[in-house]
Amino acid sequence: MADLGLWGFLALGAVCIAAAGLALALLVMLDRRGSRRKDSAMLDRVAFLFDGEYLEHASEAARKILARGNLDDDPADPDADLGWTGVAQLLRARFPGLPASAAQALQGAPGRLPARDPRDHAHLALSEIRGRLSVVVTEEFPPDAADRHLAITRNDELHAMARAANLFPYPIWISHADGAVIWSNAAHERLADRPDRMSDQGKTVLSPLDLDISDAQDSTSRRVAIETGESDRTEWFDVTKTRSGRNGFLNFAIDISPVVEAEIAQHRFVQTLSKTFAQLSTGLAIFDRNRQLALFNPALIDLTTLPADFLSARPDLQSFFDRLRDNRMMPEPKNYAGWRQHIAELVVAAADGRYHETWSLPSGLTYRVTGRPHPDGAIAILIEDISAEISLTRRFRSQLDLGQAVIDTLDEGIAVFSATGSLTFSNAAFRTMWKIDPESSFAEMTARDATRHMRTICTDTDFWTNLQNFLSQTGGRDPWFADIRMSDGTSIECRVAPIAAGATLVGFRLRPVLQVSEAQAKGASMPLG
């Protein structure tokens, strides 16, 4: 040190002074930077000041949160909800212990609410400032540039997803283990805010949408009914609840009211059909596309005498007809192989709507069996007891045959023309006299055809023209008589008389030779009626 001399000490002193000045300048610079960081941190604080339930003031950072919370991005209404409810909904996702109202929060002030995630070291400070509630989000460490960038990126992604969720037409919400709703989309809010969703205490009554889920389950789904306040209408939702995080749940509710209403309408329609089928006297058996009995009515049991337990066991079509054959409720087949082939052809014909048979049973009953196709490959077998109808038809046919036999014994030729001029009935004497047989022609014989033929074998007379005019008349008509002569000189006495349903009876009787001679001598003739 002694060797430095005066100049050395002077130089050392200058260096010390410079170093001290540099240090002092560095301290001042650091202090100013720290002050700016502190001021910046103070300016970046998320702080809200409430006067009652109304938001009186919000910091710049808090306003950014409110702006981003306005997911509809309506520029005309940037502060759509400046009350405690809207702010609390934005903060409750991070700080679940936030009270339901500002008044409750003010009663608990001062207080600190920790974040939901244990890794998040932030807390929410509640304090009272001159009767007002102050809510401040306090971070343990101020974020650096990287944290800010990641937070903005994540926030933009969450904002996009939240917008998509709000545009979704069905309710979506996140709930806590205690059932409290942490977040919900616009559809859920509309559902919860409707007047008919409020109870007498002013609380929402959407509790049926909060499903119970066991600890062993990751998700559960159930169909839930919500009363609308209208006696004849209920809304139905298909609700799914899935675990999300440690104590959170993600919930979805899809409106299935139209589906349920359609199912109810279908059920009522089926009930109506079932009641209708139960009252039918025709036996009905519907076999599905697999040819198993899917539906039958009580009349089928009565007609076939098949036991109800057998039909309820849904036998196939082959077993059904085998049982009918065993019970002698259908014609006995000549051989079993041919019978199986017949059943196979029956199925094909019924599927095409071509199956139609009449079964004459050994018991004397007669059944009409019809096969009809149904949608989705099903077929319906209808069994109808037509024994009374067949008996009546046979009796009626027997009476007709008897009446025909009686009239055929008459020597007077009789022909009956309907109101439309068709020849509907004739006896043997008529057919022999005029050499005409209406039954031999496939086409219906008219009065014009008959008179044209009969005119050819008679002498010229006005009788046929008068007869055609009489047949075409309507209203009251009187019987009349006339004489005609055939080409061989045979004299015929004719009578024309109206009968029931507008029909006309025409009779032709051969006049005896003696009467013909007397009439010719007297020159008598019968006037036309």
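Predicted model: local features only at pLDDT ≥ 70, side-chain atom pairs only at ≥ 80, totals over all residues.
**Notebook: salt bridges and cysteines**

I started with Asp408, which counts as partly exposed at 27% relative accessibility (buried is under 20% relative accessible area, exposed is over 50%, partly exposed is in between, with a 1.4 Å probe and protein chains only).

Residues are numbered from 1 along each chain as its sequence is written, and side-chain values use heavy atoms, with hydrogens and water left out.

**Entry 1: what does Asp408 pair with?**
I found its side chain in a salt bridge with Arg431, at 4.0 Å from N to O. The term means a side-chain nitrogen of Lys or Arg within 4 Å of a carboxyl oxygen of Asp or Glu. Asp408 sits in helix α12 (residues 387-408) and Arg431 in helix α13 (residues 428-434), so this pair ties together parts 23 residues apart in sequence. Helices here are DSSP runs of H or I with at least four residues, strands are runs of E with at least two, and both are numbered from the N terminus. I looked up Arg431 too, and it is partly exposed at 24%.

**Entry 2: how many salt bridges are there?**
I searched the whole structure and got 14. Why pair up at all? Side chains of opposite charge can pair when their charged atoms come close.

**Entry 3: Arg132 and Glu56.**
These two side chains form a salt bridge at 3.1 Å, N to O. It links distant parts of the chain, with Arg132 in strand β5 (residues 132-138) and Glu56 in strand β2 (residues 54-58), 76 residues apart. Arg132 is partly exposed at 27%, and Glu56 is partly exposed at 37%.

Asp449 and Arg452 meet in a salt bridge at 3.3 Å, N to O. Both lie in helix α14 (residues 447-455), 3 residues apart, which is about one turn of the helix. I noted Asp449 as partly exposed at 33% and Arg452 as partly exposed at 48%. I also jotted down a network: Asp411, Glu412, Arg495 and Arg509 are joined by salt bridges that share partners.

**Entry 4: how many disulfides?**
I counted 0 disulfides, taking a disulfide as a pair of cysteine sulfur atoms within 2.5 Å. For Cys458, the nearest cysteine sulfur belongs to Cys494, 7.7 Å away, and Cys458 is in no disulfide. Is Cys458 buried or exposed? I got buried, with a relative accessible area of 9%. Cys494 is in no disulfide either, and it is buried at 0%.
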